[in-house]
Amino acid sequence: MAKKESPLQQAEKQVKDILISVNTNIEYLGLASGKVYNALLDIQRSFDCIRGVPAEEALKYEEVKKLSSSWKLQAERIEKEYDEFIAKNAMAGAAGGALGVGVAAFGPTVAMGVATTFGVASTGTAISALGGAAATNAALAWLGGGALAAGGGGMAAGQALLALAGPIGWTIGIASLATCGVIFFIGRSRQKRLEEIFTLVTKREFRMYKLAETEIKEKVNTIINETSQLVAANQEIQTFGTDYRSMTEEQQYRLGIYVNLMFAATQNLIKPIKSLIPKFSIDDLIAYSLVNPQLSSISSKFWNLIVSLANFFHAIELNESDINILYKSLKKNAQFMKSANINKDEFEKIFINIATNIDLYKYPRLKIN
């Protein structure tokens with residue numbers, strides 16, 4: 001008779017299953033995003049032919065062009081840097097083993113999906129809520145989740161992607177962490193509490209991915225609808241002529257509506273999936289340092305790790321005993337130390353203490369037990 005799965009194993013299975021669904025929907029989002037981008041290009045070409053457009057409408061239109069161009073550049077950058085990452089690891093003989101199943105054919109569709117999932121700021125860089133991580137890191141973190149959920153990757157993927165991806169990688173890689181040896185068996189009671197903590201974390205991740213799944217599906221539907229509207233609008237614009245001053249008042253009014261439609265579609269294209277935005281960034285740690293001088297004694301080189309820990313244990317009730325168990329467990333785990341780019345002599349319990357304190361500081365009533 002098969003051994004009964006523990007609550008942690010059951011929770012991990014749920015997360016892996018929902019990750020497969022989320023990743024599939026990110027691909028659908030990439031397909032839809034590519035189509036709406038092409039529709040935007042088509043209507044932009046028609047709009048570019050019109051002379052004498054009032055300054056207000058022209059300025060909004062130029063903003064549309066800038067934002068859609070930023071999104072496209074983001075997607076191309078993600079794909080390019082991913083290809084470079086694959087080439088680099090292939091030369092080291094690690095690409096297949098490190099990245100696992102289902103990631104070889106990355107392609108522009110998935111790059112578009114990742115860019116649309118994680119959002120693009122007006123500057124064309126990854127949204128600041130990713131804690132300063134590059135767009136590539138978000139993509140690689142997504143790939144880590146995809147590869148692990150598909151049954152590939154394992155330990156090497158966890159190490160490579162957590163080290164590269166920063167805070168976003170911690171959340172997406174959560175389903176693999178317990179089985180990658182983060183739980184060190186220091187004694188039955190401590191082992192049981194560690195499993196309880198990781199079960200709570202994993203269940204939280206499941207809820208987050210369920211929300212993300214819903215968000216992505218809704219975004220796909222909205223983008224599909226906007227694409228149809230843009231195609232119809234472009235067909236109508238082509239009947240207006242090319243001189244704004246010669247258009248009828250109704251045509252001028254319709255043109256204004258279509259500029260607003262273009263702007264709304266572009267805003268939706270670059271807007272991130274809120275459920276996947278990490279709860280903490282370096283900016284939060286800087287703000288917390290103003291009220292807690294304890295941080296001044298800690299080198300800034302460890303701040304990203306503290307932010308990662310804050311994201312990892314967000315909304316989880318940890319007492320002093322829990323923190324001691326986690327500290328001893330993590331400190332003894334070579335894989336964790338490597339993924340965090342730190343050695344065991346540098347790792348201090350105060351990192352976990354600050355991580356839990358910043359969580360209470362920013363989200364004082366969200367603890368679960």
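Colleague: Where is Thr 116 placed?
Modeller: Thr 116 sits in helix α4, residues 107-118. Helices here are DSSP runs of H or I with at least four residues, strands are E runs of at least two, and both are numbered from the N terminus. This is a predicted model, where local features need pLDDT of at least 70, side-chain atom pairs count only at pLDDT 80 or more, and totals for chains, interfaces and linings use all residues. Residues are numbered from 1 along each chain as its sequence is written, and side-chain values use heavy atoms, with hydrogens and water left out.

Colleague: Is Thr 116 buried or exposed?
Modeller: Buried, with a relative accessible area of 0%. Buried means under 20%, exposed over 50%, partly exposed in between, using a 1.4 Å probe and protein chains only.

Colleague: Which side chains make polar contacts with the Thr 116 side chain?
Modeller: The Ser 33 side chain does, at 3.0 Å. The Trp 71 side chain does too, at 2.9 Å. A polar contact is a pair of N or O atoms within 3.5 Å; within protein, one must be able to donate a hydrogen and the other to accept it, and sequence-adjacent residues count only if both atoms are side-chain atoms.

Colleague: What else does Thr 116 touch?
Modeller: Leaving out residues up to four places away in sequence, its contacts include Leu 29, Lys 219, Ile 223 and Leu 269. Contact means heavy atoms within 4.5 Å.

Colleague: New topic. How do α12 and α15 cross?
Modeller: The axes of α12 (residues 303-312) and α15 come within 8 Å and cross at roughly 55°. So α12 is oblique to α15. Angles under 35 degrees count as roughly parallel, over 145 as roughly antiparallel, 65 to 115 as roughly perpendicular, the rest as oblique.

Colleague: Which residues make that contact?
Modeller: Leu 305, Ile 306, Leu 309 and Ala 310 of α12 meet Phe 351, Ile 352, Ile 354, Ala 355 and Ile 358 of α15.

Colleague: How many residues of α12 are buried?
Modeller: Nine of the 10, so α12 is largely enclosed by the rest of the structure. Trp 303 and Phe 312 are among them.

Colleague: And what about α11 against α15?
Modeller: The axes of α11 (residues 282-289) and α15 (residues 349-362) come within 11 Å and cross at roughly 85°. That makes α11 roughly perpendicular to α15.

Colleague: Who meets whom there?
Modeller: Asp 284, Leu 285, Ala 287 and Tyr 288 in α11 meet Ile 354, Asn 357, Ile 358, Tyr 361 and Lys 362 in α15.

Note on methods:
Axes fitted to C-alpha atoms, helices over the stretch in contact; angles between N-to-C directions.
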